[in-house]
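Visitor: I am new here. Please show me around.

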Amino acid sequence: MTDDSLLTEAAARLFGDLAAKRNDPFTDLWAPVEEAGFPLLLVPEADGGFGGSWADAFAVLRLAGYHAVPLPVGEAIIAAWLLNRHGLELPAGAATISHRAAGKLENGSFTGITVCAPWAVEATTIVAVIDGQIIALRSADNTQIEWRKNPADEPRDTLHFASAQVRSAPSTASLWILGALIRTAQIAGAMDAALAQSIGYANEREQFGKPIGKFQALQQNLAVFAEEAAAVNCAAQAAFAAADKYAGAAEFEVAAAKLRANMAIGVGTSTAHQVHGAIGFTREYSLNTLTRRLWSWRTEFGNDRYWSQILGERVAAAGADAFWSNLTERSDR
């Protein structure tokens, strides 16, 4: 991509429209996303894609999080990128990923399960990695469905397969790392949206003859919320920049970004609900659309403890003398 403004304007307009129609059928919501070409954002132009960068992906996924789009936009982008990099045919329709696949891959067929794949039933293709092979499964070939949702009511279905035909190729890709990466961008957007909604409500809601946003204690809480949201955006952008630099292999930066995003969610969501009071918890009010996603995404693809341990073990293994040089080596171009 060469014009970031055109990309973000198109994404903001489309995702804003989809957010207003979030209760429509999946196929109706997905059609304009596919028509706009967002799933092919990271696929080279020579192969029929956008030819975008990971920075472009951050911009799009942040807006998907901001508008709480009820679609596997990030998962589809990752699936298409991986299939293209491994020389596998790009799927028609929606694609998703499963970071937890278990079973047996033999002679071009797969028998096993794909666990907690976002919108697995609605998607056409499920991409997973098993035994050092990336595989592309037809969702419709499943033999059993375990219907599951996260606390935000987003589908996280587990599908069972028996001798399902697959396309495959050797791969060292980590869907766990890539999944954490896309969640950081979505968290950044949702944090910004919850902050904006909280500020707007504080300026409208009056108590004791003036807007509650005029009270110093509330202003202080919102200022801390803004700091946390900014930190998440900075960390996420750094992780996506590293993905550009290292062709998607940015484990250290992703770990740091996901941990920072997770930590910010607790501060941001508690402040948002404190500002709104009881109305913020009602289904009819839109704040919970953001905060329930944030609570769900905090645990998906690694919670606080997981990424803290990963970072701590990596730093400890390298030794104290290597800490600063390793850090600057990965951050300085």
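Guide: A pocket is an open set of points on a 1 Å grid over the protein atoms alone, with protein on both sides within 12 Å along at least five of seven lines; lining residues have an atom within 4 Å of a point. Grid points are joined across faces, edges and corners, and a volume is the space filled by probe spheres set on the points. This is a predicted model: local features need pLDDT of at least 70, side-chain atom pairs count only at pLDDT 80 or more, and totals for chains, interfaces and linings use all residues. Residues are numbered from 1 along each chain as its sequence is written, and side-chain values use heavy atoms, without hydrogens and water.

Visitor: What volume does the largest pocket have?

Guide: Its lining counts 26 residues, with Arg22, Asn23, Pro70, Thr289 and Arg293 nearest the centre. The volume of the largest pocket is about 560 Å³.

Visitor: Which helix gives the most to the lining of the largest pocket?

Guide: Helices are DSSP runs (H or I, at least four residues), numbered from the N terminus. Helix 2 (26-36), helix 5 (175-204) and helix 8 (287-299) each supply at least two lining residues. With 5 residues, the top contributor is helix 8.

Visitor: How much space lies in the largest cavity?

Guide: In a cavity, a 1.4 Å probe fits but cannot get out. The structure has 1 cavity of 30 Å³ or more. Val69, Trp119 and Arg183 are among the residues lining the largest cavity. The space inside is about 40 Å³.

Visitor: How many disulfides does the structure hold?

Guide: A disulfide is a pair of cysteine sulfur atoms within 2.5 Å. The structure's count is 0.
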